[in-house]
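This briefing goes through one protein chain by topic. Please have the sequence and the 3D view open while reading.

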Amino acid sequence: MRDIAATAGVSQSTVSRVLSGVPTKVRIGAETRERVIEASRRLGYRPNPLARGLRGAATNLIGVVVRDFSDPFYAGAVETLVGQAMSHGYNVVLGHVHGKLDAAASLTSVLETRHIDAMILLGDMGSHPQLLADLRDSRAPVVALWQGTSPLEFPTVDADDRAGIRTGLEHLISLGHRRIAFVNAELPNDYRVRETAYVDFMRERFGSVPLGYLERTANTLAGGDAALRRLLELPEPPTAVATSTDLVAIGVLHAAHSLGATVPDRLSVVGFDDILIVSHTVPALTTLRMPIAEIVSHAVTQAVTLARDPEATREPHLDVFEPELILRDSTAPPA
């Protein structure tokens with residue numbers, strides 16, 4: 001900063017005030033500010049977030065803890081989150097807890113040493129109680145997304161899964177389907193809200209779920225493939241299948257093709273999430289679009305607000321966004 005001050009012809013304190021971005025009582029003229037910024041660019045100045053953290057200043061870092069990097073859904077969410085954080089002037093430090101109970105317990109302290117300004121959780125952390133306990137005492141504010149079975153302990157943003165499932169089923173009924181099966185992807189901590197929504201809907205409309213029409217399987221392509229094969233072996237197989245994730249739905253499409261159950265002529269399929277690949281499956285998948293951009297943007301804004309305003313409330317609350325039905329080529333009236 002001494003070099004920048006000398007180049008710009010200003011005091012070092014002026015350089016500090018300009019580059020910190022913190023409002024000050026001393027007004028700095030636009031021309032002076034521009035000279036400082038230009039000099040910093042020319043000299044290749046880069047602020048050191050760890051050094052800033054050691055003296056108690058904001059580091060402009062957001063810690064993000066991801067439940068499962070291998071899930072395509074979270075890959076898209078992380079990409080969106082990084083973009084949103086950068087739009088607020090923040091960079092992201094990523095942590096991963098999938099299947100690592102011991103690592104999860106120490107993850108908070110690792111992120112704390114990076115002097116993050118806020119933390120965002122992506123996914124159900126219910127199987128990591130020590131992580132959640134550490135976060136309750138974190139100096140940095142915490143915002144959670146898609147908390148699943150995790151207790152509501154932080155400001156949280158989620159989708160209305162029940163409404164999404166009902167919208168997909170209403171679409172199938174409007175096409176004339178009555179024999180509608182459901183393939184539920186088994187998620188961590190037995191999160192089955194989407195399955196329960198299907199069961200409740202079928203009982204309301206038809207009195208019960210037909211025997212064998214509810215399949216539980218791994219949240220994988222192979223899981224969806226195997227589930228549909230079992231469904232098509234039933235004495236009265238379904239004419240439509242709704243799934244709890246797009247990943248399973250793609251497996252269903254693969255099995256249908258292999259077995260000659262043409263989609264959508266003989267079988268209609270509805271997914272959930274609208275991950276990137278489903279607009280390119282054959283046929284393209286009708287699905288419920290998870291409003292990732294809206295959810296992530298809302299969560300990042302909350303995290304930044306809490307980081308910048310110590311007086312802002314950190315009380316737990318839930319903000320919910322409703323999924324949108326995206327009509328593509330995998331649904332049609334029953335033959």
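In this predicted model, the side chain of threonine 286 reaches the backbone nitrogen of arginine 328 at 2.9 Å. Threonine 286 belongs to strand 10, which covers residues 286-289. Its relative accessibility is 0%, so threonine 286 counts as buried.

**Around threonine 286**

- Leaving aside residues up to four places away in sequence, threonine 286 touches a run of residues made up of Leu325, Ile326, Leu327, Arg328, Asp329, Ser330 and Thr331, and also His171, Val269, Val270 and Gly271.
- Proline 283 lies in the loop between strand 9 and strand 10, and the peptide bond that joins valine 282 to proline 283 is cis, with omega about -5°.

**The chain overall**

- The chain has 12 helices and 12 strands.
- Of its 335 residues, 48% are buried.
- Among contacts between residues at least 6 apart in sequence, 72% join residues at least 24 apart.

- An open sheet is formed by 6 strands in the order 2-1-3-4-5-11, and the pairing is parallel.
- Strand 2 (91-96) and strand 11 (317-321) are the edge strands, each pairing on one side only.
- On average, neighbouring strands of this sheet are turned by 20° against each other, direction ignored.

- Strand 3 (residues 118-122) is largely enclosed by the rest of the structure, because 5 of its 5 residues are buried.
- In a regular strand, side chains alternate between the two faces of the sheet.
- Both faces of strand 3 are covered: one side carries Ala118, Ile120 and Leu122, the other Met119 and Leu121, and all are buried.
- On one flank, strand 3 pairs with strand 1 (residues 61-66) in the parallel sense over 5 bridges; leucine 121 in strand 3 is the bridge partner of valine 65.
- Strand 3 also pairs with strand 4 (residues 142-145), again in the parallel sense, over 4 bridges.
- Within that pairing, leucine 122 stands opposite leucine 145, and isoleucine 120 has valine 143 as its bridge partner.

- Helix 12 (residues 292-308) lies across strand 1, strand 3, strand 4, strand 5 (155-159) and strand 11, and runs at about 175° to strand 5.
- Its 17 residues reach 24 Å from first C-alpha to last, close to the 24 Å expected at 1.5 Å a residue.
- The buried residues of helix 12 are Ile292, Ile295, Val296, Ala299, Val300, Gln302, Ala303, Val304 and Leu306.
- An α-helix has 3.6 residues a turn, so residues three or four places apart point the same way.
- Besides strands 1, 3, 4, 5 and 11, the buried residues of helix 12 pack against helix 5 (72-87).

**Helix 10**

- The 12 residues of helix 10 (residues 221-232) should span 16 Å at 1.5 Å a residue, and its end C-alpha atoms are 17 Å apart, which agrees.
- Buried in helix 10 are Gly223, Gly224, Asp225, Ala227, Leu228 and Leu231.
- Their cover includes strand 6 (180-186), strand 7 (214-218), strand 8 (240-243) and helix 11 (246-259).

**Backbone features to check**

- A cis peptide bond also leads from valine 263 to proline 264, with omega near 10°; proline 264 is in the loop between helix 11 and strand 9 (268-273).
- Tryptophan 146, in the loop between strand 4 and strand 5, has a positive phi of about 50° although it is not a glycine.
- With a relative accessible area of 7%, tryptophan 146 is buried.
- Aspartate 273 lies in strand 9 and has a positive phi near 130°, in a residue other than glycine.
- Aspartate 273 counts as buried because its relative accessibility is 8%.

- The C-alpha atoms of arginine 2 and valine 15 are separated by 8.4 Å, the two residues being 13 apart along the chain.

Note on methods. Residues numbered from 1 in each chain as written. Predicted model: local features only at pLDDT ≥ 70, side-chain atom pairs only at ≥ 80, totals over all residues. Heavy atoms only, no water. Buried < 20%, exposed > 50% of the residue type's maximum accessible area, 1.4 Å probe, protein only. Helix = DSSP H or I, 4+ residues; strand = E, 2+ residues; numbered from the N terminus. Pairing = 2+ DSSP bridges. Expected span 1.5 Å × (residues − 1). Contact = heavy atoms within 4.5 Å. Axes fitted to C-alpha atoms, helices over the stretch in contact; angles between N-to-C directions. Polar contact = N/O pair within 3.5 Å; in protein donor to acceptor, adjacent residues only side chain to side chain.
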